[in-house]
Amino acid sequence: MVNEAVYKELIAKYRGVFGREPEVVAYAPGRIEVLGNHTDYNDGFVLSAAINCGTFFAAARNDGNSCRLFAGDLMKEAVFDTEGICRSTSDTWQNYVKGTLAGLADAGAVKCGFDGMFLGNIPLGSGLSSSAALEMSAGMALARLYGIEVDLLTLARIGQTAEHTYAGCKCGLLDQISSLAGREGCLVKTDFRSLEYELVTLGNDACFLMCNTHAKHALTDGAYNKLRAACEHAAEHFAGVLRHPVKALRDVSMSEWVLYRGGLDALEADRAAHPIGENERVLRGAGMLVSGDLEGFGSLMFDSHESSRRLFGNSCEELDVVVDAAKKIPGVMGARLSGGGFGGSVVVLAHPRDAEIASAALAGAYAARFGKACGVSVITPAAGAYVL
Ligand code: GLA
């Protein structure tokens, strides 16, 4: 079993606190975003992968209407009723579970309370979607516990709604779909308009290094929502000037952007260019992966980061230092920020034989510039969420 030590620790802690066995345990992984930044809510394309770190959620029904929820790492408890669930402003970790439970209650009957606990090994705030892993593991476990039938897409949407209404981030569906749809050794290529996805094999000549800068990664402070609003406003502009229907930036090509950007102010035009360019890169990149052109794919990752930095404004110095260092390391094929941005992690594409040397070089470059360590780990594309 993947992350068996975490599972065993959770079960031991669960027994210790509740004095019994859980009825159900579910697991959901975090994700890396490999190409396609801020394209999901623009109806576009993303290449992502579920990763080999994740969260286990254990639960059993209880006799009352009260839910007792433990964060297994901090051993902190939250207690709330199944009726009238509301957002907590202090211990915000519980909101992801509350939001998920509220979504499940709309899909079926939550007949009683539960005793629950979760534990995972995704570094928090690293841009690896620990929150989606919590939502998806809680969602799968609680749906099974209450006998509520939900398909994967509904579950993903429940997690997304929890982010919107309980965490305040108007995210797309990338994190939840990646956590559910991942497959060992594969990237997931998702079309966020049709919500169909396909698996693209990575092969044995490539692996990912995640370089966690520990820079502040807070998507809930409004920066993410502002970028989303700028994209949506730009899409309205293009809908007014292009002859074909434009529902989202997915419907605008780079050549149309060049011709019709005029009616937007300079900043908004730049913001719009990022997801438009990213969509085109994902489609080209997926083809390169299929034909084994890893160098070509890696250079698209570098282009993606440059577009984030220059056009979208969602990079930061820590991320740029890592990406610039990656460009100079032999064996490294590409690097870019992964996820919302403003901190978090850089995803680096390297040949597995170069992973160790590249990791040391990345850590060294970061320490030389900032005088502190960044965490570098090898990430392998892994299977999506499941009930144990
Ligand atoms: C965060 C969001 C996703 C997606 C990425 C950027 O991870 O939760 O929906 O928008 O940022 O691509």
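Two strands are taken to pair if DSSP finds at least two bridges between them; strands (E, at least two residues) and helices (H or I, at least four) are DSSP runs numbered from the N terminus. The structure is a predicted model, in which local features need pLDDT of at least 70, side-chain atom pairs count only at pLDDT 80 or more, and totals for chains, interfaces and linings use all residues. Residues are numbered from 1 along each chain as its sequence is written, and side-chain values use heavy atoms, with hydrogens and water left out.

On these criteria, S9 and strand S10 (residues 345-350) pair in the antiparallel sense over 5 bridges. Leu337 stands opposite Val346 in S10. Both strands belong to an open, antiparallel sheet of 4 strands, ordered S9-S10-S8-S11. Its edges are formed by strand S9 (332-337) and strand S11 (375-379), each of which pairs on one side only. From one strand to the next the twist averages 20°, with axes fitted as lines to C-alpha atoms (for helices over the stretch in contact) and angles running from 0 to 180 degrees between N-to-C directions. Helix H10 (residues 317-327) packs on the sheet and touches strand S8 (207-212), S9 and S10, contact meaning heavy atoms within 4.5 Å. The direction of H10 makes about 170° with that of S9.

Phe80 lies in strand S4 (residues 76-81). Phe80 counts as buried because its relative accessibility is 6% (buried, under 20% relative accessible area; exposed, over 50%; partly exposed, in between; 1.4 Å probe, protein chains only). Not counting residues up to four places away in sequence, Phe80 touches Asn65, Ser66, Cys67, Leu69, Gln94, Lys98, Leu101 and Phe114. Phe80 and Leu69 are 11 residues apart in sequence, with a C-alpha to C-alpha separation of 8.4 Å.
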